[in-house]
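Hi,

Here's the structure I said I'd pass on.

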Amino acid sequence: MRRVEALLALVAYTALALWWLWPLPSLMATHSAYFSAESPLVVADFYLIVWTLAWGAHALVSAPWGLFHANAFHPSTLSLAYSEHLLGDAPLFAPVYWATGNAILATNVFILATFVLSALAMYALVRRFTEPPAALVGGFFYAFYLWRYDALAHLHMLAVQYFPLVFLLTDRWLEAARRRDGVLLAIALVLQALSSYYLAYALMLAYAPFLPLALWRWRSRLDRRRLVGLLVVFLTLTTVVVVASLPYLRLRQLGLIPSYNREGDPPPIGLVPQIAGREVWRYLTGRGVGPVGYALALVAILPPWRGRQEPWLAGVLVAMLGTLAACGPGIVIGGHEYASPYRLVLGWMPGFGTVRLPTRFVLVAQLGFALLAGLGLGRLLDGGRRWVAWPIACVTIALAIWSFTPLPTLPLHAEVTGDELPAAYRWLAAHGEGRPLLDLPGTAFHEAARRMYLSTVHWLPIVDGYSGYGPRTPGHLDWLARGLPGESALQNLVDTVDIGWVLVHRNALPSAEAARWRGPFPRGLEPAGEWGGDLLLRVTRAVVQDRRANLLNPLRTPGGVPLEPLVECPGALRLAAPPPDPWPPQAPRQVQVDVLNLGGRPWPAFGFIPRHLVHLRACIGRPEEPPCVSLPIPLPADVPPGGRVRVAATVQGPFWAGPYVLDLRLVQGEDGPLAHCGVAPLRVPIRVAGRGASPPP
């Protein structure tokens with residue numbers, strides 16, 4: 001690919017990306033742009049990703065040895081590993097962040113760059129097998145489609161620019177075995193794998209059919225240099241990924257990162273076959289390459305096939321595999337669920353059980369469809385006049401965009417940046433002395449994520465945090481702090497966790513609680529500044545009964561009970577009161593459950609390292625069916641020998657009327673049900689009345 005040709009393609013894709021993302025390019029320093037901002041989960045995810053990218057850029061130049069010990073979820077260590085690390089995105093995000101300190105601007109430049117570079121990378125891949133006009137169309141279909149447009153809030157899923165380069169550089173290495181191609185292949189693989197674990201798994205799925213076909217294509221040239229070179233590249237990739245995964249393996253060992261194929265767990269909503277299948281169908285019918293792309297892909301796969309050098313078969317297999325993987329563990333056809341190859345991958349690929357949204361693997365399908373679309377147009381234009389090819393390519397792109405219409409208007413959201421950032425945080429940036437910060441009051445998860453973003457101003461350790469697998473410490477510490485500024489609450493707090501600052505957002509408090517923060521304050525809680533409704537206090541109170549090492553001790557609970565599997569656990573479950581009779585359909589009701597320890601050893605139950613904690617599972621199911629599934633319900637305290645702990649369990653009623661059982665059982669982390677050591681499940685017959693006698697057949 002010539003430099004002038006590449007430059008023209010870069011200009012064309014940049015212009016297209018600016019139009020596609022408009023009006024965001026006009027307000028990149030102060031606004032974000034994404035859909036579904038009314039959803040707290042989407043907002044929280046956006047701020048989490050921005051914080052993650054900013055923390056990575058900050059840590060790489062300030063303390064790279066502490067990269068995974070991020071500032072959220074204080075006093076947790078390895079807190080970056082509660083979510084994706086996104087290190088592979090640093091080359092596109094970090095330079096702007098280092099230059100400006102504006103995480104929103106750096107995020108928007110990153111988004112724009114992913115569109116341009118993804119299109120350019122696919123252009124380079126298709127260009128290897130056909131002419132520039134067809135390559136331009138292939139790049140368009142890879143970067144510009146509605147599923148990607150909808151995914152702006154989850155911007156780490158946009159960074160797919162290395163996929164086509166991996167294919168291209170693999171083919172070039174097998175052809176000529178140039179050292180430069182081998183080095184670039186290793187870099188592309190590593191950056192793509194480090195961009196996201198979702199994208200790393202997607203890369204494996206896409207590469208699985210492509211590599212064998214490439215090896216077959218260049219089988220006459222295979223020699224020791226080529227094979228050893230590939231081995232070195234794969235060993236390099238494996239080494240880097242394993243090293244970057246060590247913090248996740250540690251959290252997995254402690255039970256902080258769950259697996260979604262555990263017995264007794266309900267599947268995340270994204271793994272429900274009906275829901276995943278509906279999303280895949282939506283992608284195939286209206287969020288992918290569209291009718292123009294499918295028509296060109298069909299041209300690419302039509303016979304004759306003999307003697308063709310372009311990787312059309314790889315495109316077919318990649319598109320098929322991506323579609324199947326996006327359906328998740330089951331494929332629903334005609335109301336019947338069939339097993340998917342996804343389950344095979346689930347069994348042998350490490351960490352794959354933590355995937356919650358397999359529909360994101362439509363990215364793999366799009367790779368295959370875009371490659372085929374480019375090859376298909378190249379086949380149509382083959383042998384034709386060159387002066388006609390460019391207008392045809394432009395008309396093809398215009399028709400594809402028309403098929404996407406109506407393109408929804410991209411909503412903008414004003415973000416707090418620069419001098420508009422809260423004055424208290426800006427003061428802490430200069431005077432915080434590295435001491436941990438507690439924001440009060442505690443808040444909902446999306447506001448906690450926004451506090452993570454705001455912490456990029458000062459980078460002090462903060463108690464708040466949001467992630468897919470965060471610990472429960474923020475809620476516990478907020479509960480301890482509710483008695484502030486009382487003397488005993490302050491002492492209890494500093495004895496439990498190291499806190500240097502308390503920032504009280506009085507405007508977020510009820511008037512009666514806000515009045516408590518007018519002073520006077522106990523010894524060791526000193527006002528440091530006041531900005532409108534924000535009151536900042538320095539914590540200098542001395543520790544009296546030091547329990548700080550117990551909060552996240554991996555060997556014992558905060559109450560001192562060893563975190564280890566229970567071998568003998570004689571006990572029982574009892575209902576403190578009869579359940580509702582009848583139970584209202586679809587109604588949540590709270591039941592009080594007594595957990596009795598009839599043995600001589602305490603049971604670990606209250607803590608923040610889930611590995612061996614005893615918890616309750618409660619759900620309603622049919623008497624004749626296998627035990628129902630439910631989320632774990634934590635116990636409020638360790639269960640003492642010869643004692644009991646009462647648990648309030650909220651259980652959702654079924655939709656259909658009829659006889660059911662309330663199923664209650666104790667489970668110890670991932671060690672399994674306590675039925676194996678002495679606590680039998682409690683199954684209480686109940687009756688649900690209301691909507692109908694039985695479910696439809």
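Predicted model: local features only at pLDDT ≥ 70, side-chain atom pairs only at ≥ 80, totals over all residues.

Let's start with helix α10, which covers residues 224-253. At its start, a side-chain oxygen of Asp223 comes to within 3.3 Å of the backbone nitrogen of Arg225. Follow α10 along and you'll reach a kink of about 45° at Leu246, shortly before the proline Pro247. Pro247 is also one of the buried residues of α10, and so are Tyr248 and Leu251, among others. What lies over those buried residues? The cover includes α7 (162-176), α8 (179-195) and α9 (197-217). After α10 comes Gly255, and its phi is positive, near 85°.

Now the sheet. A quick bit of background: strands in a sheet pair through backbone hydrogen bonds, in either a parallel or an antiparallel way. Here 4 strands make an open sheet with mixed pairing, in the order β5-β6-β8-β7. β5 (437-440) and β7 (525-531) sit at the edges with a single partner strand each, so one side of each has no neighbour in the sheet. From one strand to the next, the twist averages 20°.

Zoom in on β7 and you'll see that β7 pairs with β8 (residues 534-539) in the antiparallel sense, over 6 bridges.

Last one: helix α17 (residues 423-431) lies across β5, β6 (501-505), β7 and β8, and runs at about 170° to β6.

Cheers

Notes: Residues numbered from 1 in each chain as written. Heavy atoms only, no water. Bend = angle between axes of the 7 residues up to and from the residue. Helix = DSSP H or I, 4+ residues; strand = E, 2+ residues; numbered from the N terminus. Buried < 20%, exposed > 50% of the residue type's maximum accessible area, 1.4 Å probe, protein only. Contact = heavy atoms within 4.5 Å. Polar contact = N/O pair within 3.5 Å; in protein donor to acceptor, adjacent residues only side chain to side chain. Pairing = 2+ DSSP bridges. Axes fitted to C-alpha atoms, helices over the stretch in contact; angles between N-to-C directions.
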